[in-house]
Amino acid sequence: MKITRISAYRVELPLHEGSYKWSGGKSVTVFDSTIVAVETDAGITGHGEVCPLGPFYLPAYANGVRAGIAELGPHLLGEDPTQLGKLNRTMDAALLGHPYVKSGLDMACWDILGQTTGQPVCVLLGGRYGDDVPLYRAISQEAPDAMAGRVAGYRAEGYRRFQLKVGGDPDVDIARIRAVSAVLHPGDRLVADANTGWLMHEAMRVVRAVRDVDVYIEQPCRTYDECLSVRRHTDHPFVMDENIDSLEMLLRGHADQAFDVVNLKISKLGGLTKIKQARDLCVALGVAMTLEDSWGGDIVTAAIAHVAHSTPPELLFSTTDFNSYVTVSTADGAPQRVNGRMAASTAPGLGVRPRMDVLGGPVVVVE
Ligand SMILES: [Mg+2]
């Protein structure tokens, strides 16, 4: 089988809540997502999606996805999309870095592999564990009482895991954590994700002030070394995210005992092939994971579900249903949340059928 054409579509994804706010005053009102179609000479087409969380979260931006596909695409024409190890080596040889560019292409090729073999991607990624997987809900940064209200509302919809967007004024963040903690029930899990927003002294004040609260602390500071310093001065369960963007950083963090849970994102690592490597390493090392992506719609959510559903449940801390945050549906067949949980499709491949009327015409075509 050979790749004959690669197309990219640009889709805007507005948010049900109107906006999403996190550390340092950063916010997004409409996400700019790229959906990738990889066509083959066998008549099978696979789909992927890449949606950076704006241009200021990770070193990735939406126009960069499209420019990167135009750059990388010609190297992939004629390649076999089902030979994913070879395909990734070809991508890495043709374009250094830019894992987010490769993510949608790799995802689309896994979709092709699944359709070709008649297997859902989660089976190809290792197997399906249980009936469904637990979701967290990200709580956009607002005043403490407003965030507590959001948590109560999403709790009523079935979520039991909540990720507060903090990383602002430390005194307000302390109030946010306390206000939300007060509305939780036994068994709920609370993560305070600063998304690199605190300086070390601010992080130290926050963790000391909430020492009596059952809360995980996620990525308090900008750099790995700053986070490691905070980690060594607190007994809260600790999550690292933004700095863990490669196998090298995962191994270094594990050797340093820098985290109790690690957050792995598909496009941060470079696609399903690479998140599978990191996920399998974490399983072997006994490190629990949040498995997700930077953002996305139906296709990213489908891919996340396949990664999460193929992960041993005791090592899956949480995952995300991004398609329930946005007002536009880009594909049929994507997972739909039920009681704070979702399940990967049992159909071959990713199990999604893009809505071409929503996608419109392609903005990049390589053939
Ligand atoms: Mg995070």
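Predicted model: local features only at pLDDT ≥ 70, side-chain atom pairs only at ≥ 80, totals over all residues.
The chain is divided into two domains. Domain 1 takes in residues 3-119 together with 356-366. Domain 2 covers residues 123-353. Their C-alpha centres are 22 Å apart. Across the boundary, 43 residues of domain 1 are in contact with 36 residues of domain 2. Several elements give two or more residues to the side of domain 1 that touches domain 2. The strands among them are strand 1 (3-14), strand 2 (20-21), strand 4 (30-40) and strand 5 (45-50). The helices are helix 2 (84-94), helix 3 (99-117) and helix 13 (356-359). Helix 3 gives the most, with 11 residues.

An open sheet of 4 strands has the order 5-4-1-18. Its pairing is antiparallel. Strand 5 and strand 18 (364-366) are the edge strands, and each pairs on one side only. On average, neighbouring strands of this sheet are turned by 15 degrees against each other, direction ignored. Strand 1 and strand 18 are joined in the antiparallel sense over 3 bridges. Within strand 18, V364 stands opposite A8. Helix 3 lies across strand 4 and strand 5. The helix runs at about 150 degrees to strand 5.

Strand 12 (residues 261-265) pairs with strand 11 (residues 238-240) in the parallel sense, over 2 bridges. V261 in strand 12 is the bridge partner of V239. Strand 12 is mostly covered, with 5 of its 5 residues buried. V261, N263 and K265 point one way from the strand. V262 and L264 point the other way. Both sets are buried.

Helix 12 has 12 residues. Its first and last C-alpha atoms are separated by 16 Å, close to the 16 Å expected at 1.5 Å a residue. Burial extends along the helix: 12 of its 12 residues are buried, so helix 12 is largely enclosed by the rest of the structure. The buried residues include the aspartate D298 and the histidines H306 and H309. Also buried are I299, V300, T301 and I304, as well as V307. The alanines A302, A303, A305 and A308 complete the list.

A database annotation covers part of the chain. UniProt, in an unreviewed entry, places the feature "domain: Mandelate racemase/muconate lactonizing enzyme C-terminal" at residues 144-237. Over this stretch the chain is 46% helix and 14% strand. The end C-alpha atoms of the stretch are 22 Å apart.

Key:
Residues numbered from 1 in each chain as written. Pairing = 2+ DSSP bridges. Expected span 1.5 Å × (residues − 1). Buried ≥ 20, exposed ≤ 12 C-beta atoms within 10 Å, placed from the backbone. UniProt positions renumbered as here; feature names shortened; annotations may be inferred. Domains from an automatic or database assignment. Contact = placed C-beta atoms within 7 Å. Axes fitted to C-alpha atoms, helices over the stretch in contact; angles between N-to-C directions.
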